[in-house]
Amino acid sequence: MAVDTPITSRARRGRPRPASAAPRRRGPLRRPRRLWVKAVVTLLLVVEIYPLLWMFLTSLKSNDDYLNNSTWSLPATWEWGNYTAAWTTGHIGLYLKNSLLAVVPSLALILLLGTAAGFALQIMVWKGRSFTLLLFLTGMMVPSQMILLPLFTVYFQAGLSGTLWPLILTYTGTGLPLTVFMMATYYRTVPRELFEAATIDGAGILRAFWSISVPMVRNAVLTVGLVQFFFIWNDLLIALTFTNNQDLRTIQVGLLNFTGDFGATQYGPLFAAICINVFGTLLIYLFLNQKVMKGLAGGAVKG
């Protein structure tokens, strides 16, 4: 039996460490990988930013400058009045207003009905809910091109033509299947014990939906709202089908039929209108994206 004495302790402290215990140096090996990653990120930034920069510079060119000079050249004269012409002569303000009047009610109906349907399909217990969810999923498989002509006939016979109601109803109907599927999937992660406890405490279905489920799925509502907003805002086919006059055109239809004085296309104001649309939606995306990320981080469960 070995006894630890002061002499043996000093001997152990004096022994050199094995070579395997020496720290490994990985700096030189990681440098090529970091340079490769930086090069890829720089290339992606150029691919994303350069078209936006080119579009902005083109919006400041005159019509002669756009047609006669090189496409990649800088503006000969900086025509800031193109933005004023796009807002007044091009009626971009009217088109933006029509888009908001069509998108905001549609988005509100999609989120309200989709959240309620997801709650009913996953939290509530009733016969036939699996079959009902399957019906919603089949709605995602129907191409929107197939329903435009029947819907146009129905809206015309109902006297809704010449208003924005065909856009609102069509956007709501086409956006609900995906919203219901996403909300139902998110509700699967919500513990059912919370709703059972609320029922024991005397809360009804509406109280459990508004006071318990909606605050818990607000992150999913923000995410679905962001996705559906850009789907509806960037739509061209449905808006082009149901807008039969200039006063009802949305921003995408307005850009498609953009003309200046005497019916001629003015490329400077046209690109200015495109910049107003693109940069406006880009700012909305950046703002809402940060809100969604903060909401996801704030709603995380801390152990």
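Author: Contact here means heavy atoms within 4.5 Å. This is a predicted model, in which local features need pLDDT of at least 70 and side-chain atom pairs count only at pLDDT 80 or more, while totals for chains, interfaces and linings use all residues. Residues are numbered from 1 along each chain as its sequence is written, and side-chain values use heavy atoms, with hydrogens and water left out.

Reader: Which residues does Thr179 touch, not counting residues up to four places away in sequence?

Author: With those set aside, Thr179 touches Ile110, Gly114, Val224 and Gln228.

Reader: Is Thr179 buried or exposed?

Author: Buried means under 20% relative accessible area, exposed over 50%, and partly exposed in between, using a 1.4 Å probe and protein chains only. Thr179 has 1% relative accessibility and therefore counts as buried, whereas Val154, at 47%, counts as partly exposed.

Reader: How do helix α6 and helix α8 pack?

Author: Helices are DSSP runs of H or I with at least four residues, numbered from the N terminus. Axes are lines fitted to C-alpha atoms, for helices over the stretch in contact, and angles run from 0 to 180 degrees between N-to-C directions. Angles under 35 degrees count as roughly parallel, over 145 as roughly antiparallel, 65 to 115 as roughly perpendicular, and the rest as oblique. Helix α6 (residues 129-139) and helix α8 (residues 165-187) pack at about 135°, with their axes 8 Å apart, and they are therefore oblique to each other.

Reader: Which residues of α6 and α8 meet?

Author: From α6, Leu133, Phe136, Leu137 and Gly139 meet Pro177, Val180, Phe181 and Ala184 of α8.

Methods:
Helix = DSSP H or I, 4+ residues; strand = E, 2+ residues; numbered from the N terminus.
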